[in-house]
Amino acid sequence: MKSITIKGSKRESVGKKSTKALRNAGQVPCVLYGGDKALNFSAPEVSFNSLIYTPDVHTVVIELEDGTSINAVLQDIQFHPVTDNILHMDFYEYGEQQEISMEIPVHAEGVPKGVKNGGVLRFNLRRMKVKGLASNLPDYIVANVTSLKIGNKLYVTAVKHEDYTILHPDNTVICQVKTSRNIVAEDEEGEEEVEAGDVPATEVNDEGAAAASNDA
């Protein structure tokens, strides 16, 4: 996973007056948790643009004026209700051999058979929460949807990976092909399309998904 470097300065004063002065100067007050004690620091608001205003996910390296470098992940962010300016950010420090939890975007790969026959691909899960070492976490999770016919669903079990743990139940649906007004009766192989709610386990090639489809 890619990392973004944020250059910050330690904050000695954390009162309302000093916090307001920081914001007026274009700085964002931040707190770093996970160490021996919470660390208060600030950084220019513009330095967070590539972390916040992007569909991608990144880890963070916080570099302080004294030369300290800390690996962290964004934990929480507060925006002004009117201006949308960043008011406050919380980060969590992690070690190189410490597993962290993050939400990773899901990218579809391929064109579903059901879409070719007039169906529509609908996503239930655009991001997935996973846990693992930062060095093992991907920039995005690939969901191959090529084999999905009309009525078929793709479950999280179809994208399991040995490098990280998916923190969703096995019966969680990532996406599904739903019916639309333009339906072709048969697919390219001449097989009849599957009715919604009657999903064969072989469509996702996973025992966990098979059990989930029976519950759906």
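**Close-up views of a predicted model**

**View 1. Strands β1 and β4 pair in the parallel sense.** Strand β1 covers residues 3-10 and strand β4 residues 59-64, and six bridges join them. Strands are DSSP runs (E, at least two residues) numbered from the N terminus, as are helices (H or I, at least four); two strands pair if DSSP finds at least two bridges between them. Thr 5 has Val 61 of β4 as its bridge partner. The model is predicted: local features need pLDDT of at least 70, side-chain atom pairs count only at pLDDT 80 or more, and totals for chains, interfaces and linings use all residues. Residues are numbered from 1 along each chain as its sequence is written, and side-chain values use heavy atoms, with hydrogens and water left out.

**View 2. Six strands form a closed barrel.** The order is β1-β3-β2-β6-β5-β4, with mixed pairing. From one strand to the next, the twist averages 45 degrees (axes are lines fitted to C-alpha atoms, for helices over the stretch in contact, and angles run from 0 to 180 degrees between N-to-C directions).

**View 3. Helix α1 lies across β2, β3 and β6.** The helix spans residues 16-24 and runs at about 125 degrees to β2. Contact means heavy atoms within 4.5 Å.

**View 4. Asp 84 is found in the loop between β5 and β6.** Its phi is near 65 degrees, a positive value in a residue other than glycine. Asp 84 is partly exposed, with a relative accessible area of 49% (buried means under 20%, exposed over 50%, partly exposed in between; 1.4 Å probe, protein chains only).

**View 5. Asn 152 is found in the loop between β10 and β11.** This residue, Asn 152, is buried, at a relative accessible area of 0%.
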